[in-house]
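Reader: Before we go into single contacts, could you set out the terms and then take my questions one at a time?

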Amino acid sequence: MNNSLFLQTVLLFCSIYTTRSEVFTAIAGLEDLLQTESRLIHTLGNYIKDQGKNLEILKRYYQNYKNHYDKASKNVHLHVTNPINAYILIKKLTLDWKRVEVLITRSHNLEWKSRLKNIRKTMQFPTERDLDGALDALIRLQDTYRLDTAALARGEISGVKSSSELSADDCFQIGRKLYETGDNYHTQLWMKEADARLWEEGGTVRRSDILEYWAYSVYKQGNVSLALDLTNKLLEILPYHSRALRNKFYYEQELQNPVDKTKKDQDHVEDVEKEVYKKLCRAEISLPEAKSSKLKCFYQNSNHPFLRIAPFKVEQAHLDPDILIFHNVLSDCEIETMKQLAQSRLVTAVFENPHSKQLELFPFRISKVAWLEDQEHQHLAVVAQRVAHMTGLTLSTAEEFQVVNYGIGGHYEPHFDFQSTVDPAIGSRIETVLFYLSDVEQGGATVFPEIQVSVWPQKGSAVVWFNLHPSGDGDQRTKHAGCPVLIGSKWIATKWIHERGQEFLRPCT
Ligand SMILES: *[C@@H]1O[C@H](CO)[C@@H](O)[C@H](O)[C@H]1NC(C)=O
């Protein structure tokens with residue numbers, strides 16, 4: 001018994017030993033190794049294929065970035081003052097670059113990883129919020145100025161072509177964003193454009209996705225028959241798409257038994273004031289003849305003896321309430337000083353939300369603000385003195401100059417200048433003096449919806465009006481707005497003159 005156990009143990013031991021030592025010579029062992037090699041070849045091949053695909057994609061990105069940059073750098077000003085270019089540039093540096101980073105870091109090459117990190121650290125990058133802001137601006141401009149979607153996608157604004165075009169994928173992304181914000185009217189326009197562009201030049205977006213959003217948004221707009229047509233087209237591509245099948249059934253039911261139309265979302269029916277505001281921005285309405293025929297231009301030489309030598313050239317834009325335009329009241333030199341002083345300390349503007357009365361931040365890139373003291377520079381002191389001459393009021397309780405730069409799509413919704421809370425030591429903002437420090441290529445008017453007045457920015461001129469009735473109550477007719485900048489950049493400087501100190505200069509009733 002003992003012997004046999006011993007023998008077995010020895011045999012077992014030998015057999016293990018033999019197997020291990022003959023791994024490299026036994027035929028069966030070599031077959032195993034070939035399998036390993038086959039696996040390695042397969043893996044390496046896949047890696048090369050994968051990297052090759054990566055490289056192909058990266059090459060396309062490279063070419064795309066390079067073409068874009070070459071075009072843009074030929075005329076930087078033209079490029080950055082156009083809303084489509086702005087959107088595409090920001091998109092290239094946010095969404096697109098993130099994809100590039102993923103493709104590069106996928107190779108797990110530590111050196112490249114750290115190079116990319118370094119670029120992120122040392123260069124300026126827009127954020128996704130900026131991308132949202134650029135998109136909002138684009139849609140606001142389309143809405144305010146009634147820009148045609150197809151023309152926009154071609155990069156054309158009022159007949160001027162920008163250097164960039166939107167692809168089918170861009171249009172789809174824009175449409176999807178609009179869908180998320182519940183703006184079905186614009187969703188439908190952009191999905192239609194995405195479909196047209198996909199048809200013409202291809203893209204990576206799936207037509208079935210476009211059709212689904214498009215159908216749903218036209219349905220929400222109340223066009224059930226078009227929603228059904230589009231859903232049928234979607235079903236031609238994907239016959240078993242379950243949501244589409246359900247919707248088709250639903251749309252057919254609804255076409256047979258129309259439901260109450262008033263239940264439909266009416267997101268494009270807006271209040272009258274907004275409509276008037278937009279029409280003024282588009283210069284579609286102006287003062288009626290009966291009123292405009294009474295307006296005059298004149299030279300103002302009262303208020304100060306010095307004005308008899310150099311009177312102000314004044315144009316009435318409206319009477320009661322008086323809106324006056326002072327032409328050529330700033331020199332280019334003074335304007336440069338103001339812009340330069342402001343430039344280094346422009347910050348995102350805070351404003352009082354007219355609805356909530358809360359202080360809120362303007363979205364980035366919409367507008368930036370800096371405050372300048374009269375005493376900071378001789379030019380500012382001179383301009384402040386000029387404001388006193390223009391208005392005949394004292395500036396002893398006035399605010400500092402507020403300089404604002406509006407970027408593309410930058411705007412200021414209808415608001416009053418008189419505030420809801422007033423410091424009794426200085427009183428409310430009795431008069432506004434708004435200087436234009438730049439021309440604006442397109443858009444950017446200052447409009448007064450209540451009295452249907454539009455004032456167009458002219459570098460060096462100023463628009464002036466009283467915000468308060470002589471009684472001290474706010475004049476509701478002075479509600480005003482800054483229309484979105486369509487092309488260009490808008491600079492203004494404002495001096496708000498307050499009530500206290502004016503008692504003998506503008507006596508109350
Ligand atoms: C629906 O849209 C189609 C295509 O744009 C149009 O021809 C039709 O008049 C619209 N129908 C309704 C009810 O709005």
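Author: A polar contact is a pair of N or O atoms within 3.5 Å; within protein, one must be able to donate a hydrogen and the other to accept it, and residues adjacent in sequence count only if both atoms are side-chain atoms. This is a predicted model, in which local features need pLDDT of at least 70 and side-chain atom pairs count only at pLDDT 80 or more, whereas totals for chains, interfaces and linings use all residues. Residues are numbered from 1 along each chain as its sequence is written, and side-chain values use heavy atoms, with hydrogens and water left out.

Reader: How far from a polar atom of the side chain of serine 471 does the backbone nitrogen of aspartate 473 lie?

Author: Serine 471 sits in the loop between strand E16 (462-466) and strand E17 (480-482), strands being DSSP runs (E, at least two residues) numbered from the N terminus. From a polar atom of the serine 471 side chain to the backbone nitrogen of aspartate 473, the distance is 3.3 Å.

Reader: How are H11 and H12 oriented to each other?

Author: Helix H11 (residues 224-237) and helix H12 (residues 242-256), with axes 9 Å apart, pack at an angle of about 150°; helices are DSSP runs of H or I, at least four residues. Axes are lines fitted to C-alpha atoms over the stretch in contact, and angles run from 0 to 180 degrees between N-to-C directions. Because angles over 145 degrees count as roughly antiparallel, H11 and H12 are roughly antiparallel.

Definitions and conventions. Parallel < 35°, antiparallel > 145°, perpendicular 65-115°, else oblique.
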